Amino acid sequence: MRENIIILDCGSQFTQLIARRLRELKIHSVILPWDSSVEKISSYAKIHGVIISGGPDSVNAPDSITIAPEILKLDCPILGICYGMQLLAKLLGGVVSSGDSEEYGLTRIRLTGEKSRLLGNLPENINALMSHGDNVSRLPGKFSVTAETLNGVCAAIEDESGKYFGLQFHPEVANTEHGMDILRNFAFRICECSGDWDLENWVENAIANIKSQVGGEKIVCGLSGGVDSSVAAALVNRAVGEQLTCVFVNHGLMRLNEPESVLKSYENMGLNIIYVDASERFLSELAGVTDPERKRHIIGKLFIDVFDEQAAKIPGVKWLLQGTIYPDVIESGGVKSAGKKGAVVIKSHHNVGGLPENMNLKLLEPLRDLFKDEVRKIGELIRVPDEIVSRQPFPGPGLAVRCLGEITQSRLDVLRLADNIFTQELRRSGLYGNIWQAFCVLLPVRSVGVMGDGRTYQEVVALRAVNSQDAMTAEWSKIDYEVLDITAKRICNEVRGVNRVVLDITSKPPATIEWE
């Protein structure tokens with residue numbers, strides 16, 4: 001029976017990342033809504049700790065998110081992060097006030113010298129990601145401040161009994177120095193976990209769950225060529241075999257020569273494949289559409305329409321398999337309960353944002369609680385071909401969210417050629433395998449240029465390359481100037497209609513990885 005740390009989601013964009021970090025420590029984590037009852041939490045065996053996540057609310061707002069007070073009486077350590085710390089302090093009798101100055105981004109944190117089980121092995125000063133406007137102005141009884149910012153704001157607290165802990169900053173993000181050490185201290189030193197969870201166990205459990213959930217019913221899977229849907233199909237194929245039929249839809253939004261190469265890979269995997277060329281249909285529906293959310297919803301709905309049509313030809317199909325993963329869920333607005341929303345919607349994903357209410361098929365999402373790197377590891381464990389497992393992330397809506405503005409066949413052709421040149425140069429330089437995601441974006445603007453002796457007024461291509469561990473945060477990749485120079489010259493010389501190439505050097509946050 002696995003050890004569990006329960007995470008109560010108060011709406012932070014980083015809630016799933018807390019779970020991801022615990023998994024890196026081989027600790028099974030369960031994310032539950034903020035309004036979960038003690039009975040619901042207690043239904044999980046071997047609870048070693050509870051973490052209350054951050055969130056966008058102020059604890060002093062009249063309709064702010066709160067947790068059941070009885071949760072604080074559970075026989076396990078409790079850690080509040082950001083909003084979770086403020087909520088913990090308020091529920092235990094402290095006071096939370098609006099700060100004189102808000103603190104967002106990397107902030108210098110200084111340990112106070114108070115004895116701390118949570119921070120005891122850290123350097124005296126660290127940089128940590130802060131994101132708050134309120135702060136704990138009066139501690140609950142028997143609490144002490146174990147760290148503070150240079151502005152004197154309370155950054156970490158804990159009580160003398162060793163049960164309650166609070167952090168005003170986010171240890172789960174890569175930007176916070178020694179963040180993993182803090183979570184390791186909480187999990188092993190304080191919660192006394194042993195670390196008994198791994199992905200091999202996950203595969204065994206997932207296969208058993210799929211068999212139990214689906215029974216003898218048939219499944220249709222919409223394959224996009226991406227890692228997520230491909231690994232989901234391979235996993236379900238291992239669980240139920242011939243009950244799965246895969247529909248590979250060419251929506252006309254894939255990269256250069258991609259439909260042919262992907263189809264060959266799927267055939268080599270032994271999947272039962274139906275190939276559908278719906279490119280004209282998708283482009284017709286997207287004609288004149290420039291709003292990114294409308295693009296995503298149109299594509300998502302049309303995918304489902306295509307699946308329904310194909311499913312109608314296969315007797316007994318009851319399930320739609322999707323490769324939804326954690327970042328898809330959290331960026332589409334994660335937890336919703338009791339009429340309150342959890343995380344703020346950044347962008348909807350076609351997996352979770354475009355499903356019609358009257359969809360004829362039940363959803364099967366076996367990868368919903370995994371991050372991208374975990375999905376890749378699962379793919380390796382179940383022997384998905386390397387050309388798919390090592391493939392850089394590619395959005396479900398494809399080039400529709402990289403072709404900004406109106407989508408036309410001619411603009412897509414320009415984008416494909418430019419993107420292929422960028423990929424070729426990264427591979428030639430040996431950089432491609434070291435970059436999480438690299439691609440081109442076609443911008444809906446034109447600029448004046450000179451080619452030969454003539455004036456041009458053509459479109460602009462942006463190069464985007466980032467490195468990330470989980471897609472929740474990302475840093476722009478520092479590509480050699482020579483590679484960038486060759487790429488830009490080739491695009492301008494070889495791709496008709498483009499006379500300018502720019503480089504996106506924005507990290508996530510504040511930007512997202514994709515432009516739309």
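Threonine 456. I began with this residue in a model that is predicted, not experimental. I then placed threonine 456 in strand 19, which spans residues 454-467. For polar partners I found the side chain of asparagine 499, in polar contact with the threonine side chain at 2.9 Å. Leaving out residues up to four places away in sequence, I listed what threonine 456 touches: Ser447, Val448, Gly449, Val450, Met451 and Asn499.

Lysine 295. I went on to helix 9, residues 292-312, where lysine 295 sits. I read a relative accessible area of 0% for lysine 295, so this residue is buried. Which residues does lysine 295 touch, not counting those up to four places away in sequence? I noted Leu286, Val289, Thr290, Ala400, Cys403, Leu404, Gly405, Ile407 and Glu516. For alanine 400 I also looked up the C-alpha separation from lysine 295, which is 7.0 Å, with the two residues 105 apart along the chain.

Helix 5 and helix 6. I took helix 5 as residues 199-214 and helix 6 as residues 227-240. Two packed helices are described by the distance between their axes and the angle between them, so I looked up both. The axes come within 9 Å and cross at roughly 65°. The crossing is right-handed. On the helix 5 side, I listed Trp202, Val203, Ala206, Ile207, Ile210 and Lys211 as making the contact. On the helix 6 side, the contact residues are Leu235, Val236, Arg238, Ala239 and Val240. I sorted the residues of this contact by type and got nine nonpolar, no polar and two charged.

Helix 7. For residues 258-268, I noted Glu258, Pro259, Val262, Leu263, Ser265 and Tyr266 as buried. These residues lie on the same side of helix 7, because they cover an arc of only 160° around the axis. What covers the buried residues of helix 7? I found that the cover includes helix 6, strand 11 (218-223), strand 12 (244-250), strand 13 (273-277) and helix 13 (386-389). On the face turned away from the buried side, I found the exposed residues Glu260, Lys264, Glu267 and Asn268. I ended just after helix 7, where glycine 270 takes a positive phi of about 80°.

Notes:
Residues are numbered from 1 along each chain as its sequence is written. This is a predicted model: local features need pLDDT of at least 70, side-chain atom pairs count only at pLDDT 80 or more; totals for chains, interfaces and linings use all residues. Side-chain values use heavy atoms; hydrogens and water are left out. Axes are lines fitted to C-alpha atoms, for helices over the stretch in contact, and angles run from 0 to 180 degrees between N-to-C directions. Helices (H or I, at least four residues) and strands (E, at least two) are DSSP runs, numbered from the N terminus. A crossing is left-handed if the near helix is turned anticlockwise from the far one by less than a right angle, and right-handed if clockwise. Contact means heavy atoms within 4.5 Å. Ala, Val, Leu, Ile, Met, Phe, Trp, Tyr, Cys and Pro count as nonpolar, Asp, Glu, Lys and Arg as charged, and the others, Gly among them, as polar. A polar contact is a pair of N or O atoms within 3.5 Å; within protein, one must be able to donate a hydrogen and the other to accept it, and residues adjacent in sequence count only if both atoms are side-chain atoms. Buried means under 20% relative accessible area, exposed over 50%, partly exposed in between (1.4 Å probe, protein chains only). The arc is that of the directions from the helix axis to the C-beta atoms.
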